Amino acid sequence: MKHELPKLAYEYNALEPFFDAKTMEIHHTKHHNTYVTKLNEALEKFPELQNKTIEELLTDLNSVPEEIRTAVRNHGGGHYNHSLFWQMLAPAGKGGEPIPEILALKENFNKEATALFGSGWVWLVKDVSGLKVIKTPLQDNPIMQNLTPVLGLDIWEHAYYLKYQNRRPEYIEAFWNVVNWNFIKLRF
Ligand code: MN3
């Protein structure tokens, strides 16, 4: 079974004016698609890994042969993160009711997202002690640390540079207008 690029539940222009159509299209058809292609390429020589889900691969990277471990981590992580990210978004006004416990952590989430150095993700995660904000470098993700991602934001420049250039805080603020609270509620 090859990993596949998932379809989006909305059009590329559906998140305007917060996330622009061109960025969404390139992000999905080029960036995400490349992660999927390179993940499949890495797994080509290892049929025994091809029936594993992306979650199974990422939560047990030590069992992935060293030769392809970094590729699975980066491209598999990219595939997993983006598949989740698209579902965490919805057209403005169509995402349902915001969750107060999450809004309470918004300031902290935004601060960490603004401060993140280089490419990575900021997440709101759930563990036994409750909700907290964490950052992961590159395409790493919370499931690698046994944490459940509730909400996540892509802080790679490809996610916002066309529209926001160096104004990352504006991108972060815009994100809150297109959160799919209905999906987040299921994970919360
Ligand atoms: Mn991205």
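## A first look at the chain

Take the contacts between residues at least 6 apart in sequence: 68% of them join residues at least 24 apart. Keep in mind as you look around that this is a predicted model.

What is the chain built from? It has eight helices and three strands. Starting at the N terminus, the order of elements reads α-α-α-α-α-β-β-β-α-α-α. The radius of gyration is 16 Å, close to the 16 Å that the globule rule gives for 188 residues, so the chain is as compact as a globular protein of that length.

Here are some values for the chain as a whole.

| Property of the chain | Value |
|---|---|
| Box filled by the C-alpha atoms, along the principal axes | roughly 45 × 40 × 30 Å |
| Buried share of the 188 residues | 47% |
| Accessible surface | about 9600 Å² |
| Share of that surface belonging to carbon and sulfur atoms | 52% |

On to the charges: the chain carries 20 positive and 23 negative ones, and their mean positions are 2 Å apart.

Now let's zoom in on one residue, Leu105. You'll find Leu105 in the loop between α4 (100-103) and α5 (106-115). Which residues does Leu105 touch, leaving aside its neighbours within four places in sequence? Its contacts are Leu124, Leu131 and Val133. Take Leu131 from that list: Leu105 and Leu131 are 26 residues apart along the chain, and 8.6 Å separates their C-alpha atoms.

Key: Residues are numbered from 1 along each chain as its sequence is written. This is a predicted model: local features need pLDDT of at least 70, side-chain atom pairs count only at pLDDT 80 or more; totals for chains, interfaces and linings use all residues. Side-chain values use heavy atoms; hydrogens and water are left out. Helices (H or I, at least four residues) and strands (E, at least two) are DSSP runs, numbered from the N terminus. The radius of gyration is taken over C-alpha atoms; the globule rule is 2.2 Å times the number of residues to the power 0.38. Buried means under 20% relative accessible area, exposed over 50%, partly exposed in between (1.4 Å probe, protein chains only). Contact means heavy atoms within 4.5 Å. Accessible areas come from the Shrake-Rupley method with a 1.4 Å probe; for residues, only the protein chains shown count as cover. Lys and Arg count as positive and Asp and Glu as negative; His and the chain ends are not counted. The place of a charge is taken as NZ of Lys, CZ of Arg, CG of Asp or CD of Glu.
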